[in-house]
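Biologist: I am new to this structure and would like a short tour. Could we go through it together?

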Amino acid sequence: MADTRISGFPGAEQTVLGADEIIINMGPQHPSTHGVLRVKLRLDGERIVDSECIIGYLHRGVEKIAEHRSYQQFGPYVDRMDYVAAVSNGLGYCEAVEKLLGAEAPMRAKVVRTILTELQRISSHLLWLGTHAIDIGALTPLFYCLREREEILKIFEKYCGARLTTHAFRIGGLQYDTYDGFEQEVKRFCLDFVHRVDEYEQLLTENRIWIARTKGVGVLTAADAIDMGATGPVLRGSGVKWDIRKAMPYAAYDKYDFEIPIGKNGDTYDRYVVRMQEMRQSNRICLQAIEDIPAGPIMGKVGKVLKPPVGEVYHSIEAPKGELGYYIVSDGTTQPYRVRIRPPSFINLEALDKMIKGHLVADVVAIIGTLDIVLGEVDR
Amino acid sequence: MIPIGHYLFVSLALFIIGVIGVLTRRNVIIILMSIELILNAVNINLVAFSRHWANVDGQIFTLFIITDAAAEAAVGLGIIIAFFKNRETVLADEMDLLKW
Amino acid sequence: MALDNDLVKRFKARFGDKIREAWTDRKQAILVVDRESLSEIAVYCRDDESFDYLVDLTAVDWPKREKRFDVVLNLYSFKKNERLRLKAYAGEGESCPSVTGVWSTANWLEREAYDMFGIVFEGHPGLKRILLPDEWQGHPLRKDYDILTQDTAWVRENLGIESGQ
Amino acid sequence: MSALLEFLKTYMWPLIFALVIVGVLPLLAGYVVLMERKVMADMQARLGPMRVGPHGLLQPIADALKLLIKEDIIPENADKLVFWFAPVISVTAAMLAYSALAIGPFFQIAELNIGLLFIVAVSSMGIFGIILGGWASNSHYSLLGALRSTAQMISYETAAGLALVGGVLLAGTLSTQKIVQAQQGGTWFVFVAPIGFFLYLVASIAETNRAPFDLPEAESELVAGYMTEYSGFRWAVYFLAEYANMIVVASIATTLFLGGWLRPFGSIAALDFLDFFPPLCFLGVAGYCFYRTPKQPEPIQSGVMALFGGLCLLLAAAMALPFVPAFAASKAGVHGAFWFLLKVSLYIYSFMWIRFTFPRFRFDQLMKLGWYFMIPLSIVNVLGLGVYKVLRQLQWSRWPAFLLTTGGTLLVAIWLVWLAQRKVAVPGPVGDMTEAEG
Amino acid sequence: MTPTQISQIAFYFFAGLAVLGAILTVTVRNVVHSAIFLITSLLATAGIFLTLGAQFVFAVQIILYVGGIMVLFIFVIMLVNLDVALHQLQFNRQGWVAGLLALVLASQLGFAIWFARGEGSLDIPAGRTGALSPQNVEQFGLALFEKYALPFEIASVLLLVALIGAVVMTKKRV
């Protein structure tokens, strides 16, 4: 029989292993790496001594493609990055190009964008909650989450015909106006959703096993979180009260009243609580916005052919997973000279190695789940 | 009814095999397992005589021997693990240092 | 539009001509700094100007320029709620000091810049490719790397097909 | 030839029962899986399997067929012989345990002097199937799963065994028949030793590797644990062993704590109408089947549904048989089997309920629960029951004795929880747990 | 076929299995296989106990020996990862000594037993067969807790000491 200690993957031969250490590959095909993430773990028993993330299995060269497409043509591509929050990706891109053009979307478009983006945030968090719970072994929340997510996807489908990669927005505003009954449907969903969140929390928040599995696991202090560049719920879970929607408001967020939930210890449980609260806040924003969608045009004054003046722009939004930034350099032609996307998942994932050291294999799963990564965005 | 001599022969066979195992194998774990075989042979004897004399005492000795085997296995394997951690070997003839 | 506010003045007072240029573009502050003293300036940004959050580190390729690469650092200050962009020019084959010691985030970001542009960051703890396979030849985001180009030898060897297209 | 005939004559009933169990058990396990999927679906706002047969009633058969004809993959570096043999060990151990179980006063393969001990002994061998399978696969995930399951089973078998000791103490015998008979006149042992029952419930979940203690096969961590490299038929055999084990532990709990085949309130004459429950129950199911028959989309499905209805009618008739004076003697056997299986089903249902409600423990937490809570408490439980027995012998009446002993054990339990709670309060990476199993 | 005959068949079957398992235990190269054969041998021994009417010892043999000690063995074999050792020499060079010793031992004991069958030197008198009560467990328990209470306690202390010893020895940082 072959020596199992060094079999498995190339390059392992050079690694000096202790007497009772083994190396296992978590991924790229593993039930809980949420895609094609590969984490190479060096274990002492079940404790992680060392780890390394290996990514790139889903690399499609989005940034390169951008340089060969016109500004409008590139719109649908961004949906494929964080494919569970396509609307947010589109919002960031459209606003970045608008900023580059010096144009602005009309108010009605902004409000509709806000509503759809917040719905998308809820749906993204729902998917996170379901998969996170199933990683920790709770089977049932996933199905409840998918049930509510389905409602949101139905709204998207009715609005623009697509459920997942929606390409909902256009540079300068919106392609489609809201459909008849949009307000009522969103409102009905939102009013109902409050109770649904209570339902999820009943299953998990007070559950002793859940607390035991998440409290004190994957602690990221505020200083570490900032140093690692973590954003979104990961940063807020560590107790840093920072949200781009408040710090540098975009779309119509400055009109609405909402709070930024933060955690205290920066552990998995805090990030869970933060996301649960965020769903409630998003719901609140939706309810406020849906009451009063201003009338007016949905498309601003941008030409058919976009030729932004020479220059560069960095614009970022608070995507469900963190700061999603677009750094676009224009050379005055119809195609961007360089598009750089700052993916929140990629940078949050970087904190994984630090967070899992000293934990057990089971915690790796919980921590990957709590980072809420989407490999489409990590690898682009 | 099977005569007691048959049980004793089985026991003898197991005992001798165990002795051969202890003497010839290099792997400490297998040596330990051979010792288990020897203990097992003794157990057969005890239980056979217990029936022969219609006295349950022999079976009780068996229980003590099994207890003993458990203790021996725990300590023996503990030593093996401790040794393996330090020397990365389980071969008896490489365990020749008094101190390391 | 040239920029000459307090921030830039402080930078200039501290680093003199190591701050090459400063301008604003669509209300965004951009500083071009000397490549060699990048890490020194980064430490100053973090500690004294409280730009404690490295949002992004990337590069832009201008093949016709003498120093073809812009290394772009996007910084943000939680305290001031302000963004700042640092740029440094690096030529072909020139290495850029790593800022991993200043912000841990830079680790993967610099690896990505190395992967995509081939810019070497000096002092990086483990500079290797991150998105592409380790043995891949070429740096895709360079302008002279066409969109259809690929490392055909690698593809043939590892995927067993003639071409990915 | 005559020797053979004589052999068959002497051992006719045990042989028939053994054949029935070997034949029916896989089917039963398949239907337990179906039931689990249906219960899960119901709790998760879904329908579950609906395609094969009406309401998915033929799904287990389809699954079994699929697994039988699947490609059988053996990893290249696996230890072929052990890899081939390991699942068989598991399933053999699980099935052997049935030989001492008394499903009714009549349905039993062998009435053993050491009945319960035999079941515990034999089912403890199932662990070899898991550990050898995990080792033979030559995969790190399998190995980790095997190691985990070994540590887990050893830890929880202690607690389960001690919980059983409590029950056995009350019964004064190890024979399954006599244990049930000991509960006949008085109360079921679950009412005398509720803590013992609780301990056995938890420990049996852990021993059968079910959520929240399903660490050896935790799909989100170890892919499938010791079964990772198994496929097709061998995998099915492991699964069969797992579900067979579930039925075994449920049967043990039923026998020891829930009064085995006894009817609820068997000693209260005013509740004798409960005897009508078994036939009425099957009659109700049959009625529902016939009610749904015309609503099936396909004629063949209607046929299957009607067939099921007919089957239920047949069973109802069998259950009603004891009311015919000529067959009154069969009551204990027929109704006993019904009540026994009903209790077993309810026990398994509680397994499922727990599985869909709780997240999974982490390995060190599992070990802590086992060694810091379950084992100490089970020891105290045995002591408490011993005291109870002595008090009863000293002519104490039932209630004061019960309150004193169970109350005392409960206090110890609360104290243990409090101790554990105090330790949990410190966050941060967990302490070294590899020493826990020593 | 009477129960006695079955019991005889069972005895010879189990005896053969026990010896075969034992032989394989000490001869195969692979340690895990060795452990599996030892388990077989131990189980067969348990069967022999059953033919002797020692039901409780049968259960104890399976629970403790097979379910406890052997699991521990396999656990340790997996922990110490013996793949490297597999390629090394499995037998030492004192085979002939062992053979000689075994031969002497076997001839002595065999001689004694052989003559014990009849009117020989060791002279085992005819036993009091059939007097053992079928209530094996009760009998066993009574003897254990009355006559052998002290040895029983000592055995439990021994186990405790072994447990502590094993824990201390395998601790990472002593």
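This is a predicted model: local features need pLDDT of at least 70, side-chain atom pairs count only at pLDDT 80 or more; totals for chains, interfaces and linings use all residues.

Biologist: In what sense do strand 1 and strand 2 of chain C pair, and over how many bridges?

Modeller: The pairing is antiparallel and runs over six bridges, with strand 1 covering residues 19–25 and strand 2 covering residues 28–33.

Biologist: Which residue of strand 2 of chain C does C:Glu21 stand opposite?

Modeller: The residue opposite C:Glu21 is C:Val32.

Biologist: Changing topic, how many residues of chain B and chain E are in contact?

Modeller: Chain B contributes 69 residues and chain E contributes 83.

Biologist: What area do chain B and chain E bury between them?

Modeller: The buried area is about 6,900 Å², and 78% of it lies on carbon and sulfur atoms.

Biologist: And how many salt bridges are counted between chain B and chain E?

Modeller: The count is one. This salt bridge joins the side chains of B:Asp57 and E:Lys147, at 2.5 Å from N to O.

Biologist: Which helix of chain B gives the most to the side that touches chain E?

Modeller: Helix 3 does, with 23 residues. Helix 1 (4–24), helix 2 (28–52) and helix 3 (57–87) each supply at least two residues to that side of chain B. By class, that side has 47 nonpolar, 15 polar and seven charged residues.

Notes:
Residues are numbered from 1 along each chain as its sequence is written. Chains are lettered from A and ligands numbered from 1 in the order in which they are written. Side-chain values use heavy atoms; hydrogens and water are left out. Contact means heavy atoms within 4.5 Å. Buried area is the accessible area (1.4 Å probe) that two parts lose on being put together, summed over both. A salt bridge is a side-chain nitrogen of Lys or Arg within 4 Å of a carboxyl oxygen of Asp or Glu. Helices (H or I, at least four residues) and strands (E, at least two) are DSSP runs, numbered from the N terminus. Ala, Val, Leu, Ile, Met, Phe, Trp, Tyr, Cys and Pro count as nonpolar, Asp, Glu, Lys and Arg as charged, and the others, Gly among them, as polar. Two strands pair if DSSP finds at least two bridges between them.
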